[in-house]
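Student: I would like to go through this structure one piece at a time. Can we start with the strands and then turn to the charged side chains?

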Amino acid sequence: MIFGRRVPVVAAPMAGGGSTPELAAAVSGAGGLGFLAGGYLSGDKLAEQIARARSLTSEPFGVNLFVPGRRRDVALDEYRARVAEASARLGVEPGPAEWDDDGYAAKLGRLFADPVPVVSFTFGLPEESTVEQLHVVGTEVVVTVTTPEEARLAASVGADAVCVQGMEAGGHRATLHDDPDDPAGGPLLGLLAAISSVREAVDVPVIAAGGLVRGADVAAVLSAGAVAAQLGTAFLVCDEAGTQPAHRNEIIAGGRNTEITRAFSGRPARGLVNRFLAENRGAPAAYPQVNNMTKPVRGAAARASDAEVMSLWAGQTYAQARPMPAAELVDVLRREAREALRASAERL
């Protein structure tokens, strides 16, 4: 299902509101593959989004889940005090610094009972038994990885494909084992290097993600051996995306640098540099505790359109993103990619 789409473009799952059933349906309807982001959703809410997407398209789409990590006990009182200062300015208090499993088992249960064509996993490796159960109900499995070593692990549990994420990608890094002593959580590989290394390491199809915005980018990763290109930031400014207005405006405006930070969630993620990020470099490695702690302040900032306190996830090439309907973007990407490949062939 992943590999037979008319347009080899995947809309990345963007948890927290960016991904919507409308966006997933529009991308799939245009010949690509749309995704729903199951992260942060309850099982009931995910079921609602799946039903909504099905009402909008008869084409296949996927669902992404966050694999819960092992709980780490980290002292968070100092960081909570820093978050409280930002929260107070917006009239809210920090949330509880609690660990949770994101309702993982409940969401898997939904997907076993009511299958979708594709399920991808991020932040960790699904159990081999989970992959087997998904295969039994006809679901293909993708594991998001950042290194060839992680790709080998994904292949060992039976993944049908790996989504290789380069360091250029916006949002959370997909490292399977977040190293708390490394600000980036693990090795930083550029996308082309990651594709080449992973293809040498495993014999499964590769989906490429990280800093892809234009059709020429799609052509580049296809030429490097990927079966499809996964784009996130490019779709954040599409009409159907659930991107907060202030976040959307900052992407369109350009002008900010991007940086990998733990400030908002406790897990490495690339976003636009704003005041909160700059003031909280060196935030503790404690996901999802920090994410739960900062949730009220992020929500208040979004309601106030205060871009200096929001988590403005974006890839390195975010300033090239173009606002338009998602189906139109898929068509533009396909045309641009064909033109780029044709021009490359002529040069050879």
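Predicted model: local features only at pLDDT ≥ 70, side-chain atom pairs only at ≥ 80, totals over all residues.

Student: How many bridges join β10 to strand β11?
Tutor: Strand β11 covers residues 269-272, and β10 and β11 run antiparallel. Within this pair, Thr 258 stands opposite Leu 272 in β11. The number of bridges joining β10 to β11 is four.

Student: Which strands stand at the edges of the open sheet of three strands?
Tutor: The order in this sheet is β7-β11-β10, and the pairing is antiparallel. A strand at the edge has a single partner strand, so one of its sides is left without a neighbour in the sheet. The edge strands are β7 (171-172) and β10 (258-261).

Student: Is strand β4 mostly covered or mostly open, and how many of its residues are buried?
Tutor: Buried means under 20% relative accessible area. Strand β4 spans residues 118-122 and is mostly covered. The count of buried residues is five of five.

Student: Which residues of β4 point the other way from Val 118, Ser 120 and Thr 122?
Tutor: In a regular strand, side chains alternate between the two faces of the sheet. In β4, Val 118, Ser 120 and Thr 122 point one way, and they are buried. Pointing the other way, and also buried, are Val 119 and Phe 121.

Student: In which sense do β3 and β4 pair, parallel or antiparallel?
Tutor: Strand β3 covers residues 61-66, and five bridges connect β3 with β4. The sense of the pairing is parallel.

Student: Which residue in β5 does Phe 121 stand opposite?
Tutor: Strand β5 (residues 140-145) runs parallel to β4, and four bridges join them. Phe 121 is one of the residues of β4. Its opposite residue in β5 is Val 143.

Student: Where in the chain are Glu 59 and Arg 5, and how many residues apart are they?
Tutor: The side chains of Glu 59 and Arg 5 meet in a salt bridge, with N to O at 3.2 Å. The pair links distant parts of the chain: Glu 59 lies in the loop between α2 (43-56) and β3, and Arg 5 in the segment before β1 (9-11). The separation is 54 residues.

Student: Why does Glu 59 count as partly exposed, and why does Arg 5 count as buried?
Tutor: The cut-off for buried is under 20%, and partly exposed lies between that and 50%. Glu 59 counts as partly exposed because its relative accessibility is 33%. Arg 5 counts as buried because its value is 16%.

Student: What is the relative accessible area of Lys 107?
Tutor: Lys 107 forms a salt bridge with Asp 102, and their closest N and O atoms are 3.0 Å apart. Asp 102 counts as buried at 15% relative accessibility. Lys 107 is also buried, and its relative accessible area is 1%.

Student: Which residues are linked with Arg 256 in a network of salt bridges?
Tutor: The structure holds 12 salt bridges. In one of them, the side chains of Arg 256 and Glu 250 meet at 2.8 Å, N to O, and both residues are buried. Linked with Arg 256 in the network are Glu 250 and Glu 308.

How values were computed: Residues numbered from 1 in each chain as written. Heavy atoms only, no water. Pairing = 2+ DSSP bridges. Helix = DSSP H or I, 4+ residues; strand = E, 2+ residues; numbered from the N terminus. Buried < 20%, exposed > 50% of the residue type's maximum accessible area, 1.4 Å probe, protein only. Salt bridge = Lys/Arg side-chain N within 4 Å of Asp/Glu carboxyl O.
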